[in-house]
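User: I am new to this structure. Please show me how to read it, one feature at a time.

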Amino acid sequence: MVDVVYFAWVRERIGVPKETLETNAQTVAELVEDLKAREERYALAFADISALRVAVDQELSAFDAPLAGVREVAFFPPMTGG
Amino acid sequence: MSVRVQSEPFDPGKELSQFSRLVSGAGAIVTFTGVVRDEDGTLDHMMIEHYPAMTGPAIEAIEKDAIGRWNLSASLVIHRYGALSPGDQIMMVATASRHRAHAFAAAEFLMDYLKSRAPFWKKEFTADGASWVTARDEDEDALKRW
């Protein structure tokens with residue numbers, strides 16, 4: 001079980017801010033593929049992975065990051081602070 | 001080193017006075033205040049979303065990095081989220097050092113990193129509708145100079 005959170009337009013496209021998922025994915029990239037296969041809204045949100053960033057347990061990570069022991073994965077567009 | 005993430009407005013003058021009192025021996029204080037642009041009168045308001053569990057730690061890590069690079073006696077970052085109107089203060093950075101070069105450089109560094117590495121997202125609302133602000137390549141490029 002892993003908590004998955006979404007922000008900005010990723011949240012809007014997927015339709016929920018947070019969900020807890022059962023997945024066999026070993027990496028973030030595998031989790032993305034798992035989600036894309038589930039429903040159209042995920043396929044749309046993850047269509048262009050280069051437009052997305054990911055944080056694993058609140059730290060910016062790469063898409064090949066492993067999921068073992070991870071509690072929370074967050075997907076969002078590039079940040080626009082400041 | 002201090003970080004505040006809040007929806008409430010803040011008074012940059014008051015913040016500067018308080019910060020100055022804390023660092024009376026510093027010699028140089030630099031502040032930057034970010035203000036919501038009106039985009040030639042087209043912007044009605046903006047909504048800033050953030051990732052509460054990550055925002056504080058991410059900004060603290062950026063501040064720690066700045067303290068490791070420059071000789072700072074103190075630093076302050078305030079960043080707002082929620083609904084903001086043109087003219088509202090979005091954020092403020094203050095740095096204090098014995099020398100102005102360090103205070104200026106650290107403030108610029110903090111600004112550059114807050115733009116692209118602090119988990120905030122801005123959505124602009126105009127008469128034509130709403131749209132997410134997209135990150136600019138120049139903002140990402142700005143990190144390379146550090």
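**Reading chain B**

Analyst: Start with burial: 30% of the 146 residues in chain B are buried. A residue is buried if 20 or more other C-beta atoms, placed from the backbone, lie within 10 Å of its own, exposed if 12 or fewer, and partly exposed in between. This is a predicted model, where local features need pLDDT of at least 70, side-chain atom pairs count only at pLDDT 80 or more, and totals for chains, interfaces and linings use all residues. Residues are numbered from 1 along each chain as its sequence is written, and chains are lettered from A and ligands numbered from 1 in the order in which they are written.

User: How many helices and strands does chain B have?

Analyst: Helices (H or I, at least four residues) and strands (E, at least two) are DSSP runs, numbered from the N terminus. Chain B has four helices and eight strands. Their order along the sequence is β-α-β-β-α-β-β-β-α-β-β-α.

User: What is the radius of gyration of chain B?

Analyst: It is taken over C-alpha atoms, and the globule rule is 2.2 Å times the number of residues to the power 0.38. Chain B has 16 Å, close to the 15 Å from the rule for 146 residues, so it is as compact as a globular protein of that length. The C-alpha trace of chain B spans about 50 × 35 × 30 Å along its principal axes.

User: Which residues of helix 2 of chain B are buried?

Analyst: First, the general idea. An α-helix has 3.6 residues a turn, so residues three or four places apart point the same way. In helix 2 of chain B, the buried residues are Met54(B), Ala58(B), Ile59(B), Ile62(B), Glu63(B) and Ala66(B). They cover an arc of only 160 degrees around the axis, which puts them on the same side of the helix. The arc is that of the directions from the helix axis to the C-beta atoms.

User: Which exposed residues does the face turned away carry?

Analyst: Lys64(B) and Gly68(B) are the exposed residues there.

User: What covers the buried residues of helix 2 of chain B?

Analyst: The cover includes strand 3 (53-56) of chain A. From chain B, it includes strand 1 (2-6), strand 4 (72-80) and helix 3 (100-117).

User: What is the mean pLDDT of chain B?

Analyst: pLDDT is the predictor's confidence in each residue, from 0 to 100. The mean for chain B is 95, and 100% of its residues reach 70 or more. Within chain B, helix 4 (residues 137-142) is lowest, at a mean of 90, and strand 5 (residues 82-84) is highest, at 98.

Terms used. Contact = placed C-beta atoms within 7 Å.
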